[in-house]
Amino acid sequence: LIDNFTSVIRRSLTRTFFPVLQQAIGFGSAFEGWTALGREVTYHVLLPLTPPVGHTFHLERDPDQRWPGRNFRVRVVLECRCPRGREGMNMLCFRHHPALVRRRTRQPILLDTLCTGFYLNVKKTVRWFCALVRASWRRLPESRSWNLMLLYSERSCHLRLTNSQESFQVKVLFAVQRGTSDIFVSSHSRGAHTPSIMWPETYAVPETKFLRHMARRVPQDSSHLRCLQLLAGALVSTTFSIHAIKTIIMRMLHTLPVSQWHSRYFLFQLSDIMEQLRLSLEEKHLEHFIVGNQRLPEEIRLLPDVLLEADPPNLFHNLVQDPAAHSQAMQAY
């Protein structure tokens, strides 16, 4: 579905200076073989963006230290297209003559449309893409058998599709790839009031690749996805997320012999996961699984600054800051 959308939208953006849409990358539960019990299936996808002609993206660490994790800004830089040593001589140079480029092409440059100052704005990007989705829907074959609804979201394009028999959701997050790695900066939220030019680093792709890697190694009737599915439905609250439970299970997958995930050990594994969750809640500390982990499968492509990070993010950072939230989490457990 998203590939169909991007194909139609990409054609409509020919000869414009909007970001170029790359192939969507699925991540999360629906692409890992599990979904929380009793919930409508939601497909999460990253939609990578690359700069249009005459522009480049430079990733800069966000200087605001009030937010947890590793956060970036996407600086949009106009390219110089002048001959070497003759700067300013090319009248269609984006850097030296942007006004002339606008007049000649009759198109605004990216700085005019989706940016705040020199930085790519998440909320403007979301509104732009959602408008394109609305305009393109009737051109897709899926429109003949599905009804499309756009759900409100400031930092993603959130779609719900229904017909007379079933329904599902698609949540599109926008991303810029770091080099050629599996690490992206994305439009996902850091919580209420996340700045619109902040693009948090995401490790969703490495996590999904890790779970797929382990699915090939564990016994065919492995219990790890059953544990994840059951706990995701039973324990998730506003205090701790599915990601915390998933992190504990990934750590156990990484350290226990694969034979111990046989279905006959289901209750033992479930008990161990709950005990690890209790200890992490008591200590208010749960280290991120990907960041700083130097023993991941070779197929997972990380950057040195992620691989060698000495202080991985604490997923329970909010419990350290908020004693009331910590008490609530312990009661929920």
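The chain exposes about 16900 Å², of which carbon and sulfur atoms supply 50%. This is a predicted model, and the points below are grouped by topic.

**Overall build**
- The secondary structure of the chain comes to twelve helices and twelve strands.
- The radius of gyration is 22 Å, close to the 20 Å that the globule rule gives for 333 residues, so the chain is as compact as a globular protein of that length.
- Along its principal axes, the C-alpha trace spans about 70 × 50 × 40 Å.

- Of the 333 residues, 47% count as buried, and among contacts with a separation of 6 or more, 62% are between residues 24 or more positions apart.

**Aromatic pairs**
- The structure holds eight aromatic pairs, and one of them joins Phe129 and Phe174, whose ring centres are 5.1 Å apart with planes at 70°, so the pair is edge-to-face.
- Because Phe129 lies in helix H5 (residues 122-136) and Phe174 in strand S10 (residues 167-177), this pair ties together parts that are 45 residues apart in sequence; both Phe129 and Phe174 are buried.
- Phe210 and Phe289 form a tilted aromatic pair, with 4.8 Å from centre to centre and 55° between the planes.
- Phe210 belongs to helix H6 (residues 204-215) and Phe289 to the loop between helix H9 (266-283) and helix H10 (304-307), so the pair ties together parts that are 79 residues apart in sequence.
- Phe210 counts as buried at 0% relative accessibility, and Phe289 is buried with a relative accessible area of 1%.
- Phe31, Tyr43, Trp146 and Phe168 form one aromatic cluster.

Technical notes: Residues are numbered from 1 along each chain as its sequence is written. This is a predicted model: local features need pLDDT of at least 70, side-chain atom pairs count only at pLDDT 80 or more; totals for chains, interfaces and linings use all residues. Side-chain values use heavy atoms; hydrogens and water are left out. Helices (H or I, at least four residues) and strands (E, at least two) are DSSP runs, numbered from the N terminus. The radius of gyration is taken over C-alpha atoms; the globule rule is 2.2 Å times the number of residues to the power 0.38. Buried means under 20% relative accessible area, exposed over 50%, partly exposed in between (1.4 Å probe, protein chains only). Contact means heavy atoms within 4.5 Å. Accessible areas come from the Shrake-Rupley method with a 1.4 Å probe; for residues, only the protein chains shown count as cover. Rings of Phe, Tyr and Trp (its six-membered ring) pair if their centres lie within 6.5 Å; planes under 30 degrees apart count as stacked, over 60 as edge-to-face and the rest as tilted.
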